[in-house]
Amino acid sequence: APSIRLSPATRSLFDEPLAIAVQGLGPQQQVTLRTSLRDETGELFQASARYQAGDDGELDLARCPALPGGSFSGLEPMGLLWALQPQKPFWYMMKRDVQSPFLLQLEVFEGHGKPPGRLLAQAQHERAFLRDGVRRVPVREGRIRATLFLPPGEDTFPGIIDIHGLAGGLFEHRASLLANHGFVTLALAYYQYEDLPQNPTELHLEYFEEAVNYMLQHPQVKGPGIGLLGFSKGGELCLAMAAFLKNITAVASLNGPVTTTVIPLRYKDRIIPIWTAYEQRIKVTDSNILDCSDVLMDPFHTPGNRSLIPIEKAEAQLLFIVGQDDHVVKSEYYATEVCKLLQAQGKKNFQILSYPGTGHCIDPPFFPLYPIGNHPLFHKRAVLGGEFGAYSKAQVHAWPQIQAFFQKYLNDK
């Protein structure tokens with residue numbers, strides 16, 4: 001009888017590859033493989049692909065290309081994971097409770113028909129966010145509202161603060177996965193969470209400074225400085241922290257603006273005002289979805305622009321990770337222009353990783369593409385950008401680059 005062989009067999013980390021093979025099929029037998037996963041709200045994500053077994057009845061996704069007609073085609077060993085798509089349109093795969101795994105269902109059906117033929121084999125696999133021994137510690141110190149993740153053991157480790165975008169709340173999936181790779185990570189909320197402001201009129205850098213000091217005082221954080229990892233508005237905040245605060249050694253910005261956006265920023269007696277957004281520049285697609293690519297004015301051709309973050313003051317190493325198909329922020333243009341300014345001042349503390357076919361959302365590997373979602377400013381459906389195959393390759397390339405960047409600059413020799 002056909003059976004599914006997985007490696008690792010029963011459980012793997014969400015950002016790890018999963019080897020998938022089917023044994024016991026007939027010679028050159030045609031089958032459809034389907035994966036299913038329900039998120040914590042019960043929403044279903046699915047992907048399917050058509051395959052043909054070898055002469056020996058074996059089907060190994062690392063060696064057999066998927067045939068046209070499914071969610072993807074070609075040689076894509078992890079296609080059944082990165083191609084998962086919500087059955088409810090425009091739904092984002094989110095992991096709220098990182099202490100429990102996602103449960104992945106795999107099924108093998110006879111033939112290439114629609115609907116699929118007879119069920120031949122099935123298996124379950126856990127996709128986990130915490131490896132054994134990683135500790136999750138809720139943090140309520142002073143004003144800080146966060147979750148700390150500590151790698152196994154009593155050693156000291158490089159410390160990273162992870163800051164998310166304008167969605168508000170507390171996101172732990174990226175910080176938890178990073179802790180598996182040997183970093184003390186602090187997933188930091190900054191609004192719309194517990195007793196933090198719901199609709200702040202300004203954000204205070206002193207709050208983020210408190211989080212930096214908390215990390216530096218932690219006995220398992222290897223000093224003398226820490227790293228910052230931010231997505232979208234979080235990337236902007238990380239760049240501002242590096243410009244104004246001490247003890248920031250390395251910053252990775254994922255599609256972050258280089259001006260202050262949406263919520264003004266205050267540090268002591270200085271206010272960085274928000275950059276101008278022109279709603280009249282919004283385009284509307286045929287399906288009534290916004291395209292906000294051109295909403296923000298060009299911040300580099302405005303003399304005396306007070307919204308531009310003074311990144312030249314940062315002593316940290318800077319890594320800009322940008323999607324060339326970002327429809328929310330012109331992140332590739334911003335990163336390139338900022339690095340030109342730094343270069344003109346004789347600085348060399350920057351690098352850019354730029355990915356074609358990649359939109360605004362850049363999650364760790366194997367999270368599904370989220371090409372259309374809620375715009376953080378206009379609160380309507382908007383194009384975020386990205387293409388399935390290109391985005392999956394960008395995730396797999398960027399994730400170890402982020403880790404290597406922090407390992408290099410935070411492991412003070």
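This is a predicted model: local features need pLDDT of at least 70, side-chain atom pairs count only at pLDDT 80 or more; totals for chains, interfaces and linings use all residues.
Helix H3 spans residues 205–217 and helix H4 spans residues 233–244, and their axes come within 11 Å and cross at roughly 80°. Because a crossing angle of 65 to 115 degrees counts as roughly perpendicular, H3 and H4 are therefore roughly perpendicular to each other.

The largest pocket draws at least three residues of its lining from each of domain 1 and domain 2. Its lining has 37 residues, of which Tyr-92, Ala-167, Phe-171, Tyr-370 and Asn-374 lie nearest the centre of the pocket. By class, the lining of this largest pocket divides into 18 nonpolar, 14 polar and five charged residues.

The second largest pocket has a volume of about 340 Å³. It is lined by 22 residues, and the closest to its centre are Thr-261, Val-262, Leu-296, His-375 and Leu-377. In the lining of the second largest pocket, 15 residues are nonpolar, four are polar and three are charged.

Turning to cavities, a search of the whole structure finds three of 30 Å³ or more. The largest cavity is lined by Arg-174, Leu-254, Ile-362, Asp-363, Pro-364, Pro-365, Gln-395, Ala-398, Trp-399 and Ile-402. Helix H6, residues 388–410, provides the largest share of this lining, with four residues, and by class the lining of the largest cavity has seven nonpolar, one polar and two charged residues.

The second largest cavity is lined by Phe-14, Leu-37, Leu-81, Leu-84, Met-93, Leu-104, Arg-127 and Phe-366, a set that divides into seven nonpolar residues, no polar residues and one charged residue.

The volumes of these spaces are set out below.

| Space | Volume |
|---|---|
| Largest pocket | about 930 Å³ |
| Second largest pocket | about 340 Å³ |
| Largest cavity | about 60 Å³ |
| Second largest cavity | about 40 Å³ |

Terms used: Residues are numbered from 1 along each chain as its sequence is written. Side-chain values use heavy atoms; hydrogens and water are left out. Axes are lines fitted to C-alpha atoms, for helices over the stretch in contact, and angles run from 0 to 180 degrees between N-to-C directions. Helices (H or I, at least four residues) and strands (E, at least two) are DSSP runs, numbered from the N terminus. Angles under 35 degrees count as roughly parallel, over 145 as roughly antiparallel, 65 to 115 as roughly perpendicular and the rest as oblique. On a 1 Å grid over the protein atoms alone, a cavity is a set of points where a 1.4 Å probe fits but cannot get out, and a pocket is an open set with protein on both sides within 12 Å along at least five of seven lines; lining residues have an atom within 4 Å of a point. Grid points are joined across faces, edges and corners, and a volume is the space filled by probe spheres set on the points. Ala, Val, Leu, Ile, Met, Phe, Trp, Tyr, Cys and Pro count as nonpolar, Asp, Glu, Lys and Arg as charged, and the others, Gly among them, as polar. Domain bounds come from an automatic or database domain assignment.
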